[in-house]
Amino acid sequence: MENANMLNKNGNSKFPFYLPQDFFLESKKGRKDDVLPEILFLTTFPPRQCGIATYSEDLIKAMEKQFVYSFDVKVCALETDKEQHTYEDSRVKYVLNTSNEKSYQNLVSKINSDDNIKVTLIQHEFGLFADNTQAFNQFLVDVKKPVAVVFHTVLPRPDQVFKAKVQHILDTVDGIIVMTDDAAEILTRDYRIEREKITVIPHGTHLVPYLDKDVLKKKYAIGERTVLSTFGLLSSGKSIETTLDALPTIAKTTPDVLFLIIGKTHPTVVLNEGEQYREMLKQKIVDLGIEKNVRFVNEYLPLDTLLEYLQLTDIYLFTSKDPNQAVSGTFSYALSCGCPVVSTPIPHAKEFLKDRAGLVFDFGNSQELAEAVNRLIFDVELRQEMISNGLHKITGTAWENSAVKHAKFLQKIAKDEMELHYRNPKVNLEHIKKMTTNFGMLQFSKINQPDINSGYTIDDNARAMIALIQHYKFRRDTSDLKYIGSYLNYIAYCERPDNLFMNYVDMNLNFTDQNTNENLEDSTGRAIWSLGYLISQSKIMPTDYVEKATEIFERVIQRAHKIHSPRAMAFMIKGLYYYNRSVKSDDTVAIIGLLANRLVELYKNSASSDWAWFEGYLTYANSVLPEALLCAYTVTANDVYKDIAKKSFDFLLEKTFCDDAIKVISNRSWLMKGGVCEEFGEQPIDIAYTVITLRKFHDIFKDRKYLVKMEMAFNWFLGNNHLQQIIYNPCTGGCFDGLEEHNVNLNQGAESTVSYLMARMMIDKYFGNENELYHRRKSRSYKDKLTVN
């Protein structure tokens, strides 16, 4: 790919990652390097307490957290004559009094005269602009910048007057966001808007670490009681009385049940009605005799506290009086915290709770609500199934994913006036440590809970040892040494005189039958790779670790000539390459040559004019084959290795990269020579190996295309993939196990989690920790790395 083809029609980089624009050209015409394009949110905003204010704050924080040096988000806070606030947040640039026509006119003038505002995003709820609808409509006409609108409510079957009001918005704005497929269907069916103009981005949710429920119940003085909860700013529309009427029936079979009503009364309700609704609920509790079964948490809780309340909840209840309520943020947050949900059938609930992800009951029907709750309390298997199904549906709506989707949507609306550069999350080893016992790293995880029954493999422990050594090398965190020692001990435990290395060990530390049923050559190769890498870091590793690794390495490498599996040979070459950095030996060079020659022969026997590969198919861990030949070249200076390495790797890149993203070979069906590979079924380990190999190729060839693709590949973890969803979970430090057609695999096993860390360490080595790249983007030393041969 030529560098000219890496630019779009405006001269910007096509790639949505954080490599600076002067990677390709100096800077965009007319823009100063230190000024970023602005996105202006028209929204209610804290300290105002309302659902949309919270939504906007969460979304803005997520966008800023997910991207770096891409845009500035500014806020125009919405107020009325009756409700005004003092804003201390520096993001609040303007204030719009929606009761005042002149305030609209002033805002239009400011937006149109500010060259740096590239797009305006309006958070729309009909009540927010009700004081002066005509001024709002004229505002939409007068703004000369791209405008998009997020509809928080979409009403079906409108009368002609209402339809005309909405139609004006739909016809005037440049883009439309709704939060459910149902809302999109209503707009196309009842308002006759083209479906292509509508983008569905679900209400965002927070990723949580899934803390121990019993510990949290003790923290909040709940004991071992069965907890039902609901939360949100209180108003009569919440229909809390529906649950209160159901509680006597529920308490008959579950006397310890406790219903938590979390949240203060909505400020607007207090302004107009006082605490009339809350007092009515309190009296009803007394009348029903359920004082011991209800607790008010009359606070606007900090987010961390709220999420803990939801995680201790056994069943979450969502009740509403409004059948046209499109979405509920409270409903989304509960699902993301692992709550089984019982809900009234608003469109959001019907869409997310189908397929056994929750239960619905009719509006105001307390008997149905009681039956649903009792069913879930006593059917533990159903409850667990609903928790799992709900998590798999809702996790895709995490704020990190919402941020990616909003950013790409706004980039399109702004007509490429913004370049998106992903921000790396902080390195978090918590899940790796959680997955590691005194014996080694466990193989699998159920969501983010280690599965002791899955046992251990040398594959995972070898990769984990490399990743933790790299982390220690870059961060000098002495706590890493304990884990490195555990992984090394596991490798030593698996050494066998006759079989090189065993791979599988069960929870009782016994070798399993899998060791006799599967080819162990690849696992042996990975073990040798990890041992060689540890030895290469002898200057920073404890002496006893190096001695132990060297003893094992020098014993097993004598049997290398028995290995013929292509990937096993490749991993061995990598191990020998690293070993040779520390211990120079003609025997090492000879073994590298022996294995490399075998790879060359495989290539010559398989390659053709349209198939530059070592086998008649592309499967898993493909990039390790050309990387190994390149390692062999650096040791032997044999140009044949270098030539085949480059031809084969460039061929692989053609098969796995498109213009702006990587799509590795699917594990659903490998790519056969002359065939077509299925899409989807992408795994983190293949991304990691690609990142590592791209780094090696850039080291040798100094061709910037490898560095570009290295960043592009890593951003697959951060949301640059076909689902626009994160694969790395910054909340837990785990990495999801795979990217499928419609969802990610939420389990965070050893292979995927360690793969992310290995890739991340390569990124940090080249671009600096936490994207400090942008503080030195004009550095001559950095640009020197990008010199083209």
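**Exercise 1.** In this predicted model, find the ring that the charged end of Arg-476 sits over.

*Solution.* Start at the charged end of Arg-476 and look for a ring centre: the one belonging to Tyr-472 turns up 5.6 Å away. The cut-off for the distance is 6 Å, and the charge does sit over that ring. Now try Lys-646: its charged end sits over the ring of Phe-701, 5.7 Å from the centre.

**Exercise 2.** Work out why the pair Phe-553 and Tyr-579 is stacked, and what it ties together.

*Solution.* The structure has 36 aromatic pairs, so let's zoom in on this one using the definition of a pair.

For contrast in geometry, take Trp-613 and Phe-614: 5.1 Å centre to centre with 75° between the planes, an edge-to-face pair. Trp-613 and Phe-614 are buried too.

**Exercise 3.** Describe the largest nonpolar core and the contacts of Leu-534.

*Solution.* First, the core: it has 195 residues, and Leu-534 is one of those with the most contacts inside it, a group including Phe-501 and Phe-717. Helix H28 (residues 750-767) gives the most, 11 residues. Then list neighbours: leaving out residues up to four places away in sequence, Leu-534 touches residues including Met-465, Ile-484, Met-541 and Tyr-545.

How values were computed
Residues numbered from 1 in each chain as written. Predicted model: local features only at pLDDT ≥ 70, side-chain atom pairs only at ≥ 80, totals over all residues. Heavy atoms only, no water. Core = buried A, V, L, I, M, F, W, Y, C linked by side-chain atoms within 4.5 Å. Buried < 20%, exposed > 50% of the residue type's maximum accessible area, 1.4 Å probe, protein only. Helix = DSSP H or I, 4+ residues; strand = E, 2+ residues; numbered from the N terminus. Contact = heavy atoms within 4.5 Å. Phe/Tyr/Trp six-rings, centres within 6.5 Å; stacked < 30°, edge-to-face > 60°. Lys NZ or Arg CZ within 6 Å of the ring centre and 35° of its normal.
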